[in-house]
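Below are a few numbered points on how the two chains meet, for you to follow alongside the model.

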2 protein chains.
Amino acid sequence: MDDIDQAIIRCVLRNARATYAEIGKAAGLSPSAAKRRLDRLVATGAIRGFSALVDPQAMAWHTEAFVEVYCAGNPTPAELGKALEDIPEVVEACTVSGAADAMLYMLARDIPHLEQAIQRVRSTAPVERTESAIVLSRLLTRPRGREGALSSKA
Amino acid sequence: MDDIDQAIIRCVLRNARATYAEIGKAAGLSPSAAKRRLDRLVATGAIRGFSALVDPQAMAWHTEAFVEVYCAGNPTPAELGKALEDIPEVVEACTVSGAADAMLYMLARDIPHLEQAIQRVRSTAPVERTESAIVLSRLLTRPRGREGALSSKA
DNA sequence: TTTGAAATGGATTAGAG
DNA sequence: CTCTAATCCATTTCAAA
């Protein structure tokens with residue numbers, strides 16, 4: 001992880017669909033070298049993947065919920081993640097300490113849509129039981145600076 | 001915004017670097033039709049951009065927790081928000097349905113730091129009891145469009 | 001070990017139907 | 001929306017620093 005990798009990450013954070021030529025230009029590399037480094041960043045796990053930034057307003061999804069998931073058996077985190085990946089209503093998912101196996105943060109159009117999405121979670125993953133806390137009002141949201149740690153330029 | 005657009009969004013949420021051929025296959029469309037729809041979704045703002053998912057390990061603070069807050073009496077959401085505002089470790093806070101009054105998402109350097117921050121929550125706000133679920137591993141994180149990335153394509 | 005350059009196979013994109 | 005065709009890009013290979 002050097003300055004070139006950081007430049008690549010910054011570029012691809014700004015636009016995940018950038019071509020290797022664009023990535024290379026941002027990092028001062030040829031397209032083939034840029035591809036090699038990007039592939040390595042993905043392979044080593046520094047980059048977990050690439051996703052679209054969907055406007056929740058455009059989809060009119062404004063029903064939020066925290067969902068505790070209690071699993072049947074003990075599926076691996078990887079299995080759980082794979083199963084949840086196809087459910088776009090699941091915005092975040094973590095395994096957690098305590099009684100529940102996982103905590104989901106879900107976003108849906110409305111209550112029926114949320115209910116349907118939770119049903120989909122229950123049928124897709126080896127889930128025994130879920131416990132939902134629907135968000136009533138948002139008290140505060142602080143920017144998390146996920147990319148902040150990487151944006152320190154040399 | 002129909003089922004085809006939804007399928008395109010699902011595909012590109014899963015992998016923003018998918019080719020138009022892959023997107024089209026996921027949506028039952030030809031590559032050129034897939035490109036036209038995706039371009040339109042970006043142009044209308046339904047998709048704000050495409051970004052990489054960087055390993056949170058790169059962050060300085062990498063201990064996360066979901067904290068359920070049970071209040072003494074019934075403070076207003078405004079009072080709660082005001083009390084939590086001064087605690088930087090509280091990244092998100094919502095009032096929720098169910099037994100708990102509020103759900104916090106907290107971010108700290110490590111477990112001692114998290115414990116100290118929770119103590120601070122308990123002493124600052126009229127909190128009766130808290131129940132914490134520390135994040136063990138992150139299964140998936142979808143950007144919520146807060147990062148404000150913009151495609152550089154014309 | 002990592003880069004840059006060339007070649008080819010496949011993807012992207014505009015235009016026509 | 002599909003099809004077609006021209007262009008552009010991704011990916012591999014290979015030689016060089």
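1. In this predicted model, the contact draws on 62 residues from chain A and 67 residues from chain B.

2. The size of an interface is often given as the accessible area lost when the parts come together. Here, about 6,600 Å² is buried between chain A and chain B, and carbon and sulfur atoms supply 56% of that area.

3. Turning to the polar side of things, 30 residue pairs are in polar contact between chain A and chain B, counting pairs with both residues at pLDDT 80 or more. On chain A, the elements that each give two or more residues to the side touching chain B are helices H1 (3-14), H2 (20-27) and H4 (77-85), together with strands S1 (47-54), S3 (90-96), S4 (102-108) and S5 (127-141). Among these, S5(A) gives the most, with 9 residues. By residue type, the side of chain A that touches chain B splits into 39 nonpolar, 9 polar and 14 charged residues.

4. How many salt bridges are there between chain A and chain B? The count is 5.

5. S3(A) runs antiparallel to strand S5 (residues 127-141) of chain B, and 5 bridges join them. Within this pairing, A:Glu92 has B:Thr141 of S5(B) as its bridge partner.

Note on methods:
Residues are numbered from 1 along each chain as its sequence is written. Chains are lettered from A and ligands numbered from 1 in the order in which they are written. This is a predicted model: local features need pLDDT of at least 70, side-chain atom pairs count only at pLDDT 80 or more; totals for chains, interfaces and linings use all residues. Side-chain values use heavy atoms; hydrogens and water are left out. Contact means heavy atoms within 4.5 Å. Buried area is the accessible area (1.4 Å probe) that two parts lose on being put together, summed over both. A salt bridge is a side-chain nitrogen of Lys or Arg within 4 Å of a carboxyl oxygen of Asp or Glu. A polar contact is a pair of N or O atoms within 3.5 Å; within protein, one must be able to donate a hydrogen and the other to accept it, and residues adjacent in sequence count only if both atoms are side-chain atoms. Helices (H or I, at least four residues) and strands (E, at least two) are DSSP runs, numbered from the N terminus. Ala, Val, Leu, Ile, Met, Phe, Trp, Tyr, Cys and Pro count as nonpolar, Asp, Glu, Lys and Arg as charged, and the others, Gly among them, as polar. Two strands pair if DSSP finds at least two bridges between them.
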